[in-house]
Amino acid sequence: MLVDELRQPVRLDESFDRRVMVRVRRAFAEQRKSRGWFGAASAVAHHPAWAAAMAACVVAVASVGVLRSRAPQRSGAAVAEAVQFVLVAPSAESVSVVGDFNNWGLGDSALVATNHEGVWSVSAPVPAGVHRYAFVVNGKQWVADPSAPRASDDDFGMPSSALVVEDGTK
Amino acid sequence: MNVRTLRRFVALLLGLAVAPVASAQDSRIPFKLDPASTAAINAVLDSAVAMGIPTAPLREKVYEGMGKGADGPRIVAAVRTLAADMARAHRALGTVATTDEIKAGASAMHAGVSAVELGQMKKQGGLRRSLTLPFTVLADIVSRGVPVRTAANAIRSLVGAGAKDQDINDFQKKVKDDIDSGAPPAAAVETRAKGAVNEKPKPESPDTTIRLDF
């Protein structure tokens, strides 16, 4: 019975919201008047330990900003789909996948494929959209995916393939 | 420590904190490139922003060049070419084109397809039909030796017949296999395009509609 009672919607009179907001605004105005601009600092102004802690926090936030800005960022939040890359290369000693989805392997971001009796494969989430990629065999030989469309704009003398990942949510 | 001293101290810290962040954000290329090339690429990126062209593909081109070990001037040249192709693709496809369509369209233009062809395909496909994959396949078959006009006609006929991306993907694979087997590229495309268009199921006529009367 108590549970049933608690589940009943609470009925408030129509002026409730207005009265609450009036109180909130009044309290905020009084607080601002008594403290002034940056008034919150006055509460800690007489405690050097607090001041030092604040300074450390500011420096820490600044450091995170620098690190973030160094990391490559993608525009928009595209949906990623799992894509399997496969290359048959029986004589290869290593195969990795690089493309615009992992900044072409810069900063050790290349996808390392695993060998299954000469069939090298690796799966990775790739954002929806059109991409260009290639296999790097033995760390130096660039190979286009023979089963994928060619990328026509081969500006650097090494072949690339094109990949269109559909947005599965659409 | 009084309030004024604390304010000055915090303001100084904020100033020191914001300065490196601002300079890092100003560096639009997060990986190291020589200063002259970086400046040239930043200028291209600024121009792209001013023209309303997406900059992500341009950055990706920089990383591609660096990943492939190209020197700065070569990367700058590639980025400038891509920016020019994207600008022409953007004009041809109109404001409704997505970043991916512009990127794929630029790739097709790089292969030799004209802006007029791209614009006609976009009109034919309609606003809702993404032409990212058709443009990608178009660039591919042109790079395999199919004459531009033949390739563009084939893709346009497929898009016009309502072919889905999967159909166009299958078409590309069959054309590639035919060419790899020794077929002349133009003949392979024309034959496979005819087959793909004929395979498309025709919309049912009203006479064949089954009516359920209850």
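A residue is called buried here if 20 or more other C-beta atoms lie within 10 Å of its own, exposed if 12 or fewer, and partly exposed in between, with C-beta atoms placed from the backbone. This is a predicted model, where local features need pLDDT of at least 70, side-chain atom pairs count only at pLDDT 80 or more, and totals for chains, interfaces and linings use all residues. Residues are numbered from 1 along each chain as its sequence is written, while chains are lettered from A and ligands numbered from 1 in the order in which they are written.

**View 1. Ala83(B) and its surroundings.** Let's start with Ala83(B), which sits in helix α4 of chain B; helices (H or I, at least four residues) and strands (E, at least two) are DSSP runs, numbered from the N terminus. Ala83(B) counts as buried because it has 22 C-beta neighbours inside 10 Å. Neighbours within four places in sequence aside, Ala83(B) is in contact (C-beta atoms, placed from the backbone, within 7 Å) with Val44(B), Ser47(B), Ala48(B), Ile53(B) and Leu58(B). Leu45(B) is 38 residues away along the chain, yet 8.5 Å separates its C-alpha atom from that of Ala83(B).

**View 2. Helix α4 against helix α6 in chain B.** Here α4 (residues 72-93) and α6 (residues 115-125) of chain B pack at an angle of about 40 degrees, their axes 8 Å apart. Axes are lines fitted to C-alpha atoms, for helices over the stretch in contact, and angles run from 0 to 180 degrees between N-to-C directions. That makes α4(B) oblique to α6(B); angles under 35 degrees count as roughly parallel, over 145 as roughly antiparallel, 65 to 115 as roughly perpendicular and the rest as oblique. On the α4(B) side the contact uses Arg88(B), Ala89(B), Arg91(B), Ala92(B) and Leu93(B), and on the α6(B) side Ala115(B), Leu118(B), Gly119(B) and Lys122(B). Sorted by class, these are five nonpolar, one polar and three charged (Ala, Val, Leu, Ile, Met, Phe, Trp, Tyr, Cys and Pro count as nonpolar, Asp, Glu, Lys and Arg as charged, and the others, Gly among them, as polar).

**View 3. Helix α8 beside helix α10 in chain B.** Helices α8 (residues 148-160) and α10 (residues 185-199) of chain B pack at about 10 degrees, with axes 10 Å apart. That makes α8(B) roughly parallel to α10(B). Thr150(B), Ala151(B), Ala154(B), Ser157(B) and Leu158(B) of α8(B) meet Ala186(B), Val189(B), Glu190(B), Ala193(B), Ala196(B) and Val197(B) of α10(B). This contact has eight nonpolar, two polar and one charged residues.

**View 4. The largest nonpolar core.** A nonpolar core is a set of buried Ala, Val, Leu, Ile, Met, Phe, Trp, Tyr and Cys residues joined through C-beta atoms within 7 Å. The largest one has 76 residues, and Val79(B), Ala108(B), Leu138(B), Ala151(B), Ile155(B) and Leu158(B) have the most contacts inside it. Its largest share, 10 residues, comes from α4(B). Zoom in on Ile155(B): leaving out residues up to four places away in sequence, it touches Met121(B), Pro134(B), Val137(B) and Leu138(B).

**View 5. Two positive phi angles in chain A.** Asn103(A) is not a glycine, but its phi is positive at about 55 degrees. Look for Asn103(A) in the loop between β2 (95-99) and β3 (111-112) of chain A, where it is buried, with 23 other C-beta atoms within 10 Å. Glu117(A), also a residue other than glycine, has a positive phi near 55 degrees. Glu117(A) lies in the loop between β4 (114-116) and β5 (119-127) of chain A and is exposed, with 7 other C-beta atoms within 10 Å.

Note on methods
Contact = placed C-beta atoms within 7 Å.
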